[in-house]
Amino acid sequence: MFGARCLLRALRSCSSVPCPRHKPSTKLSVRDALGAQNVNGERVKVQGWIRSVRSQKEVLFLHVNDGSSLESLQVVADSSFDSRELAFGSSVEVQGQLVKSPSKGQNVELKAEKIEVVGNCDVKAFPLKYKERHPLEYLRQYPHLRCRTNVLGSILRVRSEATAAVHSFFKDSGFVHIHTPVITSNDCEGAGELFQVEPSSKIKVPDENFFSVPAFLTVSGQLHLEVMSGAFTQVFTFGPTFRAENSQTRRHLAEFYMVEAEISFLESLQDLMQVMEGLFKTATRAVLASCQEDVELCHKFIAPGQKDRLEHMLKHNFLVISYTEAVEILKQASENFTFTPEVAAVDLLVPGVGELFGGSLREERYHFLEQRLARYLDLRRFGSVPHGGFGMGFERYLQCILGIDNIKDVIPFPRFTHSCLL
């Protein structure tokens, strides 16, 4: 009986006075940990992959990266943590205290209290080698692993930020985002280089075609944007497009992303070019502000001199010249942007990349279209207005700002003739 009373008294005491507990670790990304200010031993948890291991007599140093930044977080641990499992490429979870680093060149470091190896990595079999700067051509063989390298990590972070910057530009400019279909029955380009969509042989469809008409993977969302521009004065789309081109050049892919826009009540190419120029410069400045280290890595190790060329591009207005003059300028590797208007169309040509933008004013006159496009007359019969639009190849845009020579290196999983890995 006495023992039960003591136990009851103890329980009441714990309920009124909090029992001492360790504060749970706060999960942080490497980027957030590196950016922490006024650290004072806060307990944190970081997860990622080991980029380097250095073992001394009494101290173990790890560099852990989770893809959130180019820079890795230094983890300092007692030598008792050392093991063969803590190797380059292994995935880990580290808990400990985030403290100010005494070393130069880094603001903080993580004083480890617990290190858990989540996934082992066989260093000898791992295609990526520690401290080796692999050529981009070599990395293309390993699309499932190349994202772990510094250079591909930087390119893909820039790609992510550029995607957000494109959307932000159009939103701030009052455009409506339209999800145009991936499967379509039209060929916007008219080149006949289409991937036809058909059900697999296991699926039995009573009709000759699943959709009752031939269907293809889209080569452009222009037609669908033109439809929407009859109700919204400014529309855009940003998504995958497909070309069945038998080409393996550094500028071509079978699957790539296009930024396309359509503007109603547009009567001059100059107005269209202002939107194109605004998109390029606004998105690029946003990327440079948010991904400075990533862009600098590409400029330093892949495209020396690209930084100066890019700054020149952002400071100067686009040139408007004839097609013949543009060809001559490109032959001389000019650093200027070049618009080439022809009739009521315009292309934006960039040295080293080629055509980056393609735009035009659309034919809105019903009587003219009647002779050619009977299928689409309804787009012009009911309240048609002058309108125009453009398309920008997103991968070519990334090539332009980063100086990447081959388009296959700016998309996570490149698709081209005889290659569809993963």
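Visitor: Which side chain does Arg 250 meet in a salt bridge?
Guide: Arg 250 meets the side chain of Asp 405, at 3.4 Å from N to O. A salt bridge here is a side-chain nitrogen of Lys or Arg within 4 Å of a carboxyl oxygen of Asp or Glu. Keep in mind that this is a predicted model, where local features need pLDDT of at least 70, side-chain atom pairs count only at pLDDT 80 or more, and totals for chains, interfaces and linings use all residues. Residues are numbered from 1 along each chain as its sequence is written, and side-chain values use heavy atoms, with hydrogens and water left out.

Visitor: Where do Arg 250 and Asp 405 sit in the chain?
Guide: Arg 250 is in the loop between β10 (234–242) and β11 (255–264), while Asp 405 is in the segment after α12, 155 residues apart. Those labels are DSSP runs numbered from the N terminus: helices are H or I with at least four residues, strands are E with at least two.

Visitor: How many salt bridges does the count come to?
Guide: Seven, by this rule. One of them joins Arg 146 and Asp 409, at 3.6 Å from N to O. Arg 146 lies in the loop between α3 and α4 and Asp 409 in the segment after α12 (394–402), so this pair ties together parts 263 residues apart in sequence.

Visitor: Is Arg 146 buried or exposed?
Guide: Buried, with a relative accessible area of 2%. Asp 409 counts as buried too, at 1%. The cut-offs are under 20% relative accessible area for buried, over 50% for exposed, and partly exposed in between, using a 1.4 Å probe and protein chains only. Arg 250, at 26%, counts as partly exposed.

Visitor: Which residues join Arg 146 in a network?
Guide: Arg 140 and Asp 409, through salt bridges that share partners.

Visitor: New topic! What volume does the second largest pocket have?
Guide: About 1000 Å³. A pocket is an open set of points on a 1 Å grid over the protein atoms alone, where a 1.4 Å probe fits, with protein on both sides within 12 Å along at least five of seven lines; lining residues have an atom within 4 Å of a point. The volume is the space filled by probe spheres set on the points, which are joined across faces, edges and corners.

Visitor: Which residues are closest to its centre?
Guide: Of the 40 lining residues, those are Glu 132, Arg 133, Thr 149, Asn 150 and Val 151.

Visitor: And which element gives the largest share of the lining?
Guide: β2, with four residues.
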